[in-house]
Amino acid sequence: MKVQTIDGRPIELQQGVLDNLKMKLKGPVLLPGESGYGDSRTVWNAMIDRNPAFVVRCLGAADVIACVEFARDHRLLICIKGGGHNIAGLATADGAMMLDLSLMRGVWVDLGRSIAHAQAGCLLGDLDRETQVHDWPLSSVSFRTPASRD
């Protein structure tokens, strides 16, 4: 299969190489034409219609790590889809290896520290549901990136 590299060159990725990646993953690898590929590559902005070479539906941090290492080792262009709501469509790229994190929607609330931890595919409704269980209204949650920690 043809895949784009980080320097824009298309390369042929052998099936055996892709099979080795699949063995390291819990989530599925979807190829064009396979069930789920179309939905997985699609983002909220319907004007964006790009076709990654393949999509990995990551189910946890171990899948993400394996994919990033694989992309690094083979110098592949990667794109990452979280909730799929980036209006500019930056979550997808033609010929890239797409990491679809939309199945990673877990939220863990630490009331003692007033922190909610959310996985990369989490949507606002997921966060709202988990904070409301603790009578912690979403309006009282402050959003910070890891770089802004105290």
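**Cores, loops and a hairpin in a predicted model**

D135 sits in the segment that follows helix α4. Helices here are DSSP runs of H or I with at least four residues, strands are runs of E with at least two, and both are numbered from the N terminus. The model is predicted, so local features need pLDDT of at least 70 and side-chain atom pairs count only at pLDDT 80 or more, while totals for chains, interfaces and linings use all residues. Residues are numbered from 1 along each chain as its sequence is written, and side-chain values use heavy atoms, with hydrogens and water left out.

D135 has a relative accessible area of 70%, and therefore counts as exposed. The cut-offs are simple: buried means under 20% relative accessible area, exposed means over 50%, and partly exposed lies in between (1.4 Å probe, protein chains only). The phi of D135 is near 50 degrees, a positive value in a residue other than glycine. R75 also has a positive phi, near 55 degrees, and is not a glycine either. This residue belongs to the loop between α3 and β5 (78-81). R75 is partly exposed, because its relative accessibility is 43%.

Helix α4 itself spans residues 124-132 and contains D126. D126 is buried, because its relative accessible area is 4%. Its side chain makes a polar contact of 2.8 Å with the side chain of R105. A polar contact is a pair of N or O atoms within 3.5 Å; within protein, one must be able to donate a hydrogen and the other to accept it, and residues adjacent in sequence count only if both atoms are side-chain atoms. Neighbours within four places in sequence aside, D126 is in contact (heavy atoms within 4.5 Å) with R105, V107 and G121.

The largest nonpolar core has 20 residues, and L21, F54, V56 and M97 touch the most other members. At least two residues of this core come from each of α1 (15-23), β4 (54-57), α3 (61-74) and β6 (97-100). The largest share, four residues, comes from α3. A nonpolar core is a set of buried Ala, Val, Leu, Ile, Met, Phe, Trp, Tyr and Cys residues joined through side-chain atoms within 4.5 Å. Residues up to four places away in sequence are not counted for V56, which touches L21, L25, P28, V29, C67, M97, M98, L99 and D100. Another core lies apart from this one; its seven residues include Y37, C79, A93 and A96.

The loop between α2 (37-41) and β4 holds A46. V43 is found in the loop between α2 and β4 as well. A46 is exposed, because its relative accessibility is 73%. V43 is buried, because its relative accessibility is 6%. With neighbours within four places in sequence left aside, V43 is in contact with I48, G84, G89, A91 and T92. A46 and I87 are 41 residues apart along the chain, and their C-alpha atoms are separated by 9.4 Å. V43 and K2 are 41 residues apart in sequence, with 22 Å between their C-alpha atoms.

Strands β7 (residues 107-110) and β8 (residues 115-118) run antiparallel and are joined by four bridges. Two strands pair if DSSP finds at least two bridges between them. W108 has H117 of β8 as its bridge partner. Four residues lie between the strands of this hairpin, where S114 takes a positive phi near 55 degrees.
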